[in-house]
Amino acid sequence: MRTGRGPHRTVAAVLAALALLLAGCGAGSRTPAATATLVPCDFPPPAQSLDVRVLAYNSSAVDPFTNTMVRSCSRDGVTLRHEPIDFAGQTQKTIATLAGRYGTYDIVETYGLVVPQFASTGKLRPLDDLVARYRDEYGLDRLSPEMLAALSFDGKLYGLPTMAQPFTLVYRRDVFDRLGLTPPRTFAELREVAARVQRDGGIRYPLALPLLASADIATAYDAALGSLGTDLVDRDTGRPNFTTPAAARAFTELRSLLPFMDPQVTTFAQPAVQQQMYNGSAAIAIMYSGRMFDLVQERNSRFAREFAFAPPPSVAGGDVLYNSLSVDGWAIPANTEVDPDLLFRFLAASVSPESARAAVPAAFPSRLGSVTPASSPFAPAQLEALGKAPPPEPYPWTSRISVATRPVVADVLAGRVPVEQGQQRMQEIATAIVAEYRPVR
């Protein structure tokens, strides 16, 4: 594995891929600064006044941590500044601030899939020494080991985790009760349930998945492949797995759901899926759990009290679900001129016990014990889904492969390209990318 700085063309390709990948994740609904919680944030006052710029997109899951950090740590000559921004804007600004010798931002919100890309090119500062220094003072030993691992690369920690989001299934309890249905546990059951709602429930397109062709569709395919026990790339040989039987089945299983979804589904990101549930044009959806809080707000939908939650189904049975675990956290850019020790104190304050408690149920915090089965209507589903996600692939090629193969996935699911032809093309793309980092055995 090559972990140092690669050739200029490789770095340029990485940044271009990240721009596409990040732009697709979407931003959640904005929440007001009222989500800020006042927590202890102790630090020695700097010799002169200091502005610290924080880059984080607005969503109901991220805002509690951002707003708590800004409110609690802006004092004694230090002012933390955060401007509202959507995810697409954060994407571009993240790439820009990390690309130069000097950055515009001093703290950057990030997540596990892209950490290996930034870390492998020296864009982020390792945090291990700071975690060791402040472990006792901030109780950092109570942060989830799994979430810490998700923000690590090559044995080093590059992000202090704030929260995790597994896929969660949401359904209309009133519709299911009327038809005598239970939450599906496999894709076969999902097809049966969707067909019944379509036939007898008066909903033409009962299933909603975020399958945006320029973004979410790659995550969906990876989740299906992972549920079938297959990684994008074999961990031992470095050989991509796109020509395997599991890769073909991931396509056929996803395509089997299309008759139950709006024909425009490949234009739907997660906000559009939320809207389908809000207005009742769908009765079943699967998306990141950070979206669930908005669904239960009565100001958003007349069906808010009817939404119920369950873990996502597996594709073919077994403990690994159709799932994708996204772990968010704070990173310190390598090019910031602000003292990393001071910045880390701000990060640690934002994941304090008080902050974690206040973030529930909008977020699933990294602090152990913050979420209990009784803490929200979707907590039991989150807790089960967290332990049944496909294992992460913490390599610098993972996000590049996801971006580069995404148009092929879209063409195959849309029926424009045969499955076998799409598999072969994806294998070729992925093989070329992995070869930039390691030889294939």
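Pro361 sits in the loop between helix 14 (353-359) and strand 12 (364-365). Helices (H or I, at least four residues) and strands (E, at least two) are DSSP runs, numbered from the N terminus. The peptide bond from Val360 to Pro361 is cis, with omega near 10°. Most peptide bonds are trans.

This is a predicted model: local features need pLDDT of at least 70, side-chain atom pairs count only at pLDDT 80 or more, and totals for chains, interfaces and linings use all residues. Residues are numbered from 1 along each chain as its sequence is written, and side-chain values use heavy atoms, with hydrogens and water left out.

## Two aspartates with positive phi

Most residues other than glycine have a negative phi. Asp76 is not a glycine, yet its phi is positive, about 50°. Asp76 lies in the loop between helix 2 (63-73) and strand 2 (78-81). Its relative accessibility is 40%, so Asp76 counts as partly exposed. The cut-offs are these: buried is under 20% relative accessible area, exposed is over 50%, and partly exposed is in between (1.4 Å probe, protein chains only).

Asp154 also has a positive phi, about 55°, although it is not a glycine. Its loop runs between strand 4 (152-153) and strand 5 (156-157). Asp154 is partly exposed, with a relative accessible area of 48%.

## An exposed loop arginine

Arg302 is in the loop between helix 12 (292-295) and strand 10 (307-310). Its relative accessibility is 67%, so Arg302 counts as exposed. Arg302 and Gly280 are 22 residues apart in sequence. In space, C-alpha to C-alpha, Arg302 and Gly280 are 8.9 Å apart.

## Helix 3

Helix 3 covers residues 87-99, which is 13 residues. From first C-alpha to last it reaches 18 Å, close to the 18 Å expected at 1.5 Å a residue. The expected span is 1.5 Å times one less than the number of residues.

At the start of helix 3, a side-chain oxygen of Asp86 comes to within 2.8 Å of the backbone nitrogen of Gly89. A polar contact is a pair of N or O atoms within 3.5 Å; within protein, one must be able to donate a hydrogen and the other to accept it, and residues adjacent in sequence count only if both atoms are side-chain atoms. Gly89 is one of the buried residues of helix 3. An α-helix has 3.6 residues a turn, so residues three or four places apart point the same way.

Helix 17 has 17 residues, which should span 24 Å at 1.5 Å a residue. Its end C-alpha atoms are 24 Å apart, which agrees. Its buried residues are Val419, Gly422, Gln423, Met426, Gln427, Ile429, Ala430, Ile433 and Val434. They pack against helix 9 (216-227), helix 10 and helix 16 (398-413).

Thr405 belongs to helix 16. At 4% relative accessibility, Thr405 counts as buried. Not counting residues up to four places away in sequence, Thr405 touches Met426 and Ile429. Contact means heavy atoms within 4.5 Å. Thr405 and Gln427 are 22 residues apart in sequence and 8.9 Å apart in space, C-alpha to C-alpha.

Gln423 is in helix 17 (residues 419-435). Its relative accessibility is 7%, so Gln423 counts as buried. A polar atom of the Gln423 side chain lies 2.9 Å from the backbone oxygen of Phe242. Leaving aside neighbours within four places in sequence, Gln423 is in contact with Phe242, Thr243, Thr244, Ala247, Ala248 and Phe251.

The axes of helix 10 (residues 245-255) and helix 17 come within 10 Å and cross at roughly 130°. Axes are lines fitted to C-alpha atoms, for helices over the stretch in contact, and angles run from 0 to 180 degrees between N-to-C directions. Helix 10 and helix 17 are therefore oblique to each other. Angles under 35 degrees count as roughly parallel, over 145 as roughly antiparallel, 65 to 115 as roughly perpendicular and the rest as oblique.
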